[in-house]
Structure formats: C-alpha cells, structure tokens
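I opened my notebook to jot down a few things I looked up here. Let me put the structure in first.

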Amino acid sequence: MTNKTNTNTHEKNQTQTLVKAKCIKLGIDVHADSYRVVRQLDHATPQPAQKFSPEGFILWVKKQLTLAEEVHSCYEAGPLGYGLHRALTALGIDNVVIRAQNWDELGRGVKTDKTDALALVQRLDRYVQGNKKALAVVRVPTPEQELARSQSRQREQLLSHRLRFEAQGRSLLLFNGIRLKGRWW
C-alpha cells in the first residue's frame, strides 16, 4: 500500500466559506406580473437587471439575506399598494418606498424597466451612504389607513366619471338642438 499525497495546489478547497458582502442594494421596478431588479454589491458597479415573477422574487430576495450583512431595497409607490414593502420589511430588509418620478434625467426619451431599476439602485446607493435627499421617501400607511384611502379615492373617481358623463350628455343634447335644465337623464 503506497501513501499518495496530493501535490496539486490548484485544486479548489471544498471547505471554503463564502465571504459575505457588507451591503446589497436592490432597485426594484414593480409591475403587476413581474419585477425588474438591479442588484449592487457593496460599492461595485450595479449588475444587469433581472426579471422575476412576484413569487420568484421573494424566494430570490431571501437568498440575498444570506449573502450580505444587510440588504437595502427601494421601489416606487404605485397602484399595487404597499404589500411588497410589508413583505420585504418582514424578512428583515431595509426597504423604502419612494415617490414615482421620471428617471430619464438626460431627456433621451428612452424609458425601460431596466433603466428605471438601474436609476433606483444608483439613487439607493447614495441614500444608504447618507445622502437622504437622493430619494423622495413616502410614508407607508398602515393596512387600515391604506384601505380607507383606497375607498375614498374610488369614491372620488366615480364622482369624476359621473360628472364627465353628465357633461358629455349635455353636449350631445345641445348638439342636437335640445336644451334641458337640471339633470338630463
């Protein structure tokens, strides 16, 4: 029996431990059926945008928590509400919701989900480094406040639609030579 020692110093050591990043930042462009996400590790160049389903994103973001000491994210407020914010903060991610804006600062006329996610993560990087004016953070309401606000907004929208239809009806009647006072219907 011969004793063979491995002299190959280029073999990978399988017991190497992964070095955690200090900080991962995620810029998220949120849509009903998909999310575009740009990730930035520490102060490196942001990585290319990735597309996720909402369910796939939550699984992926859980993995990010194992890869860094802290994870920050941001997305723009919109019609989907604040459910994503609540899910991210429940996982332990420092998330901020910001005011929606046009990210085409140079006026190129090119607006894509990828460019929006990139702009979000670049601004988030400055925000995390201490520039609190880099993002216009909005206050996230409680679920009860969000529900009450959505109900009052729906009432306002219905009233606006009714007034528009009333004006269209009066205009149609006047066009045909009919003049009525009060409610025409």
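Is Leu-173 buried, exposed or partly exposed? I found it partly exposed, with a relative accessible area of 21% (buried means under 20%, exposed over 50%, partly exposed in between, with a 1.4 Å probe and protein chains only).

A note on the source: this is a predicted model, where local features need pLDDT of at least 70, side-chain atom pairs count only at pLDDT 80 or more, and totals for chains, interfaces and linings use all residues. Residues are numbered from 1 along each chain as its sequence is written, and side-chain values use heavy atoms, with hydrogens and water left out.

Back to Leu-173: I located it in helix H4 (residues 143-175). Helices (H or I, at least four residues) and strands (E, at least two) are DSSP runs, numbered from the N terminus. Leaving aside residues up to four places away in sequence, Leu-173 touches Ile-178, Leu-180 and Trp-184 (contact means heavy atoms within 4.5 Å). I checked Trp-184 too: it sits 11 residues from Leu-173 in sequence and 8.7 Å away in space, C-alpha to C-alpha.

Next I looked up His-72, which lies in strand S4 (residues 68-76). His-72 is buried, its relative accessible area being 10%. Its side chain makes a polar contact of 3.0 Å with that of Glu-70 (a pair of N or O atoms within 3.5 Å; within protein, one must be able to donate a hydrogen and the other to accept it, and residues adjacent in sequence count only if both atoms are side-chain atoms). Not counting residues up to four places away in sequence, His-72 touches several residues, among them Cys-23, Leu-26, Ile-93 and Val-128.
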